[in-house]
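The following exercises concern the structure displayed below.

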Amino acid sequence: MGRPKRNLLATVEDTLTPPDALTATQSLAKVAKAEGNNLYSVDLPSGNTALVELNPRFRSTIWIKRGSYVVVDQSTLAERENKIQGEIVNVVRDEKAWRKQGYWPKEFPKVSTYPEDSDDDDNRVGMMPPSDSEDE
């Protein structure tokens, strides 16, 4: 028998609103790679990479893809002696609301997905290839 729908909806609702503040052991991180078995490699704002575990309440409820942001608590698994350095305690779903918070790190700037926003002159995305008739 599956989970009750009210538990699923409560979990999803918790991820939509950002907390007012993060504790000293929590930090935002960017997911670099899914390692399997609910383990993820994340990039911390300090530039380090850490292996973290997904909290059991998110398993089979919320899927995390590469490049998304999560809140990692590094004190929850300190007593375990293995390679896992923390636990994902929250998932950033509404990135726009989270970016407005004061604790969003400057190391994770907003990257535009549209090429016309960039200032590169040699950017050829969306342009026609050069024709061979120009040489004649």
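**Exercise 1: Strand pairing**

Determine how many bridges join strand E1 to strand E2, and in which direction the two strands run.

Solution. Strands E1 (residues 26-36) and E2 (residues 39-43) run antiparallel and are joined by five bridges. Strands here are DSSP runs of at least two residues, helices (H or I) are runs of at least four, and both are numbered from the N terminus. Two strands pair if DSSP finds at least two bridges between them. Within this arrangement, Val31 stands opposite Val42 in E2.

The model is predicted: local features require pLDDT of at least 70 and side-chain atom pairs pLDDT 80 or more, whereas totals for chains, interfaces and linings use all residues. Residues are numbered from 1 along each chain as its sequence is written, and side-chain values use heavy atoms, without hydrogens and water.

**Exercise 2: Strand order**

State the order in which the five strands of the closed barrel run.

Solution. The order is E1-E2-E3-E5-E4, with mixed pairing. From one strand to the next, the twist averages 55° (axes are lines fitted to C-alpha atoms; angles run from 0 to 180 degrees between N-to-C directions).

**Exercise 3: Two residues**

Classify Glu53 as buried or exposed, and do likewise for Lys110.

Solution. Begin with Glu53, which lies in strand E3 (residues 49-54). Glu53 is buried because its relative accessibility is 14%; buried means under 20% relative accessible area, exposed over 50%, and partly exposed in between (1.4 Å probe, protein chains only). Next, Lys110 lies in the segment after helix H2 (95-99). Lys110 counts as exposed because its relative accessible area is 68%.
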